[in-house]
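Reader: Could you take me through the charged pairs in this one? I'd like to know where they sit.

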Amino acid sequence: MIPQGFRCLFFFTVLLPLAGPAQNLVPNGSFEEYRSCPGGYSQHPIEFRADSWRSLTWGTPDLFNTCSGGDAAVPYNWAGISDPYDGYGYAGLYLWLAIKDFREYIHCKLTEPLLKDSLYHVQFRYKLSSYSKYSVDRIGVLVSDSLATLHHDKPLNFTPTIEFVKDSALTPETGSWELATAQFRAKGGEQFLTIGNFSDNQRTHYYHIQFRPAQEPMLAEAAYYYIDDVRLVPQFSQPETTVPLPAFTGTEAELNTTYVLNNIQFAFNSYMLLPESYYDLDRVVAYLLKNPDISVELAGHTDDIGDESYNLTLSTQRAKSAAAYLTSRGISADRIVTTGYGESRPLVDLRTDNARDINRRVEITFRR
């Protein structure tokens, strides 16, 4: 079933680039990973061996990668000459064929279903292959909740979620890596993405590149495009609401209450304290010297990047580093307990840079 959500016609001149780092829900979006290195152009749908991707119809899209020494090589291949936009590979597919309504589509399952009424950005790069004698004015993307393999090679009878249409089939950008990007609102539950030309030949505008040499017979009456760097990301993440933990200010502390030491900093991927940490730790030292009957528990936490067991060890070492600083300033080790929780207790359960900054922390709890 196809979602009845956002439907709109976009013109490339008003599209904006994707903003800011965020989690890409498209697996293998740059076609780096493959089940086997391609040797040449595909002659059967199953021969499109990019990990997490497949042909949706009887069409035979192609995978190109620097691993290949044949017609599917990068940058020189049967369809033209092109470096990838990103990484070492890209996909290729027919968007238009003069003699009949032949189409090819690439299709993948997203890493997680989309959330109802949430805004998302979708974008990818596309480039006319240098051996194509024709260019076209459009390409589309369909985000759907389900879509089975279709046993034909004609235009899909679905309205794309977004159809990117240019003012002309030939522009100054034709032949370079062009950007298709837009925003849409999810209906909820969508988990598949399909790229191709959803318009038939009657609606698709084309341009015959008269003076381009016909170096590849299969492209003499065709518009064949490379695809790379496919992304679908939330435009606005869920609200980064933290579990309310007060920051320790150096004044009176409530017993059995956990505080965050906001300015405890470590060297990258290390448990070595940076000098900017000393101010907050010195306030803890002053408080403990003033209150000799109070002890503390120091807990280290990391973000979700990296191996879980490694993060657990790193968080423990960071808590111990903070404890070592306190003992170096005269606080008895008997008054300090250290624990590491790794990535298991995030304050913000999101995978954004801002959330990770919040989750990397040292907490302190005062006991008597």
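Author: What follows is a short exchange about salt bridges in this predicted model.

Reader: How many salt bridges does a search of the whole structure find?

Author: The search, run over the whole structure, gives 12 salt bridges.

Reader: Start with Asp280 and Arg283, then: where do they lie?

Author: Both residues belong to helix H1, which covers residues 278–290, and they are three residues apart, about one turn of the helix; their side chains form a salt bridge with an N to O distance of 3.1 Å.

Reader: And is Asp280 buried or exposed?

Author: Asp280 counts as buried because its relative accessibility is 3%, under the 20% limit, whereas Arg283, at 22%, counts as partly exposed.

Reader: What does Asp282 pair with?

Author: Asp282 meets Arg329 in a salt bridge at 4.0 Å, N to O, and this pair links distant parts of the chain, since Asp282 is in helix H1 while Arg329 is in the loop between helix H2 (308–328) and strand S18 (336–340), 47 residues apart. Arg329 is partly exposed at 43% relative accessibility, and Asp282 is partly exposed with a relative accessible area of 34%.

Reader: Switching to Asp293, which residue is its partner?

Author: The partner is Arg368, with 3.0 Å from N to O. Asp293 sits in the loop between H1 and strand S17 (295–301) and Arg368 in the segment after strand S19 (361–367), so the bridge ties together parts 75 residues apart in sequence. Arg368 counts as exposed at 65% relative accessibility, while Asp293, at 46%, counts as partly exposed.

Reader: Last one: which residues are linked in a network?

Author: Asp137, Arg138 and Glu163 are joined by a network of salt bridges.

Notes:
Residues numbered from 1 in each chain as written. Predicted model: local features only at pLDDT ≥ 70, side-chain atom pairs only at ≥ 80, totals over all residues. Heavy atoms only, no water. Helix = DSSP H or I, 4+ residues; strand = E, 2+ residues; numbered from the N terminus. Buried < 20%, exposed > 50% of the residue type's maximum accessible area, 1.4 Å probe, protein only.
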